[in-house]
Amino acid sequence: PEFLVPVGDRDDDAGPDERVSEIIDAVIENEHITTLGLWQTHFSDASVAHVARVLNSNPRITSLSIENPRRLTPAGLSALADALGPSKLRTLSLKIPPQSSTPTADGGADDAAAMRMRFDQALGRLFTAALRTSDQLRSITIAPTDTIADLRDGAGMGNLSYSLDALAQSLVANAGSIVSVDISGVQAWGDDEINSLLHALAWRGGEHTLTRLALTNTSCGDQGAMALAGFLKGSGTTTVLNTIELDYSNIGDAGVTAIAKAIKRQSLTPFQNQLRHLSLVNTPISTVGAVALLDALRHNRQVRAAKVRAATKAPEGSAEDHGTIPTSADIGFGLESIALRRTGHHVRTLQQEAKLPKIDKRLLQQIHKECALNRDDRLRSQALEKRHGGKIPSLELLGNDAGVAGASGTEDKPRHDEM
């Protein structure tokens, strides 16, 4: 059950803070609502007190979303941090307009810089508070509310060095619980921040639980992608990161080639430790980077086929049943989706300016086919596993001519049709 409220859209004499108070009074008494969303422009510092009231009074609220709070000041963010301290939130989504970090009154550059600094510090305090309890929060989303097009033109959350550092430290400290981190649109988050976060997570060993990392429209470039590749390879840790979103980032062929090599390396790891979804929409990679991804996909399918064929040769009387694979997770199916789309009204202009290289259309189709084969093989093996009581007859799995058995077949070479 969820309660999503566009604050300030009601046409009556009540002020927005009074409306929030009325809403909170109702939510406190409700025994079924677990998700509270407060959206639109009239959420203010005074509204924070009402949010604190519901978090303290209704422990059933485990998901909070505050979007577009244009009247929220640094003082309000600090108060929100205090309110989050004792809460039992599992999901927090905070989408802040860039205007929140600038003064509303006429002031000089010094006043604007001071306001941004206070905003940065208050946001850092909020991150620390939100991630204080390692056994509660599972998902955190921090993003500006502007559209992707606006962000591509340079808008965003500005220089948030203090708060981003606080976020990274808090994520590392609570790596045993967080499963999803989304900081899309925070352009201050670049290669150095990504490298520091992943290095710290790797240093913790196999304790982290992060499965999804969304860095859409950040300043992540090739160095950040190489850091991600190192993390996927292991570097002393057993990663469970299976979804990476890098749309509208600055990653080029060098970065995506490093990720492709890491994907090859993952063919030797269990399925639960493999990357399954990679999104690179409107990133400046070319056919070179796409070829590297296709090569990794084909390599992993060949490794998978070899594992299955080896299982058919198990000697009689061995510890394993002859001709079976213990579980579908032991096979390792790899990537089931790679998004390399070019989308948006500005794509043609970016391609003309050589900022967004074209990718061979046939190549994109082959990548899609390989991902579909991985998905089909996984579904087939899981069905066999269920049918045979937890064991998979390898000969039956090899009967999938289009998938596992087809790994040793000849491959079509891409033509140079471009899109």
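To start with, how many salt bridges does the count come to?

A: First, a word on what you're looking at. This is a predicted model, in which local features need pLDDT of at least 70 and side-chain atom pairs count only at pLDDT 80 or more, while totals for chains, interfaces and linings use all residues. Residues are numbered from 1 along each chain as its sequence is written, and side-chain values use heavy atoms, with hydrogens and water left out.

The count comes to 9 salt bridges. A salt bridge here is a side-chain nitrogen of Lys or Arg within 4 Å of a carboxyl oxygen of Asp or Glu. Helices and strands will come up a lot too: they are DSSP runs numbered from the N terminus, with helices being H or I and at least four residues, and strands being E and at least two.

Let's take aspartate 82 and arginine 125. Their side chains meet in a salt bridge, at 2.6 Å from N to O. The pair links distant parts of the chain, with aspartate 82 in helix 3 (residues 74-84) and arginine 125 in helix 4 (residues 109-130), 43 residues apart. How open are these two? Aspartate 82 has a relative accessible area of 47%, so it is partly exposed; the rule is that buried means under 20% relative accessible area, exposed means over 50%, and partly exposed is in between, using a 1.4 Å probe and protein chains only. Arginine 125 is partly exposed as well, at 40%.

Another pair is arginine 212 and glutamate 245, whose closest N and O atoms are 3.0 Å apart. Here strands are being linked: arginine 212 sits in strand 7 (residues 212-214) and glutamate 245 in strand 8 (residues 243-245), 33 residues apart. Arginine 212 counts as partly exposed because its relative accessible area is 24%.

Lysine 264 is partly exposed at 29% relative accessible area, and aspartate 295 is partly exposed at 38%.

Now for the surroundings of those pairs. Follow the chain on from strand 7 and you get to asparagine 217, in the loop between strand 7 and helix 8. Asparagine 217 has a positive phi of about 55° although it is not a glycine, and with a relative accessible area of 2% it is buried. You'll find asparagine 282 in the loop between strand 9 (277-279) and helix 10, where it counts as buried at 2% relative accessibility.

Helix 8 (residues 222-233) itself holds leucine 232, which is buried with a relative accessible area of 4%. Leucine 232 and isoleucine 263 are 31 residues apart in sequence, yet 7.5 Å apart in space, C-alpha to C-alpha.

What about cysteines? A disulfide is a pair of cysteine sulfur atoms within 2.5 Å, and by that rule the count comes to 0 disulfides. Cysteine 220 is buried at 0% relative accessibility, and cysteine 371 is buried at 3%.

Finally, a look at the earlier part of the chain. Glutamate 22 is in helix 1 (residues 16-29) and is partly exposed, at 39% relative accessibility. Glutamate 22 and histidine 50 are 28 residues apart in sequence and 9.3 Å apart in space, C-alpha to C-alpha. Histidine 50 is one of the buried residues of helix 2, a group that also includes Ser47, Val48 and Leu55. Helix 2 (residues 45-57) has 13 residues and should span 18 Å at 1.5 Å a residue; its end C-alpha atoms are 19 Å apart, which agrees. The expected span is 1.5 Å times one less than the number of residues in the helix.
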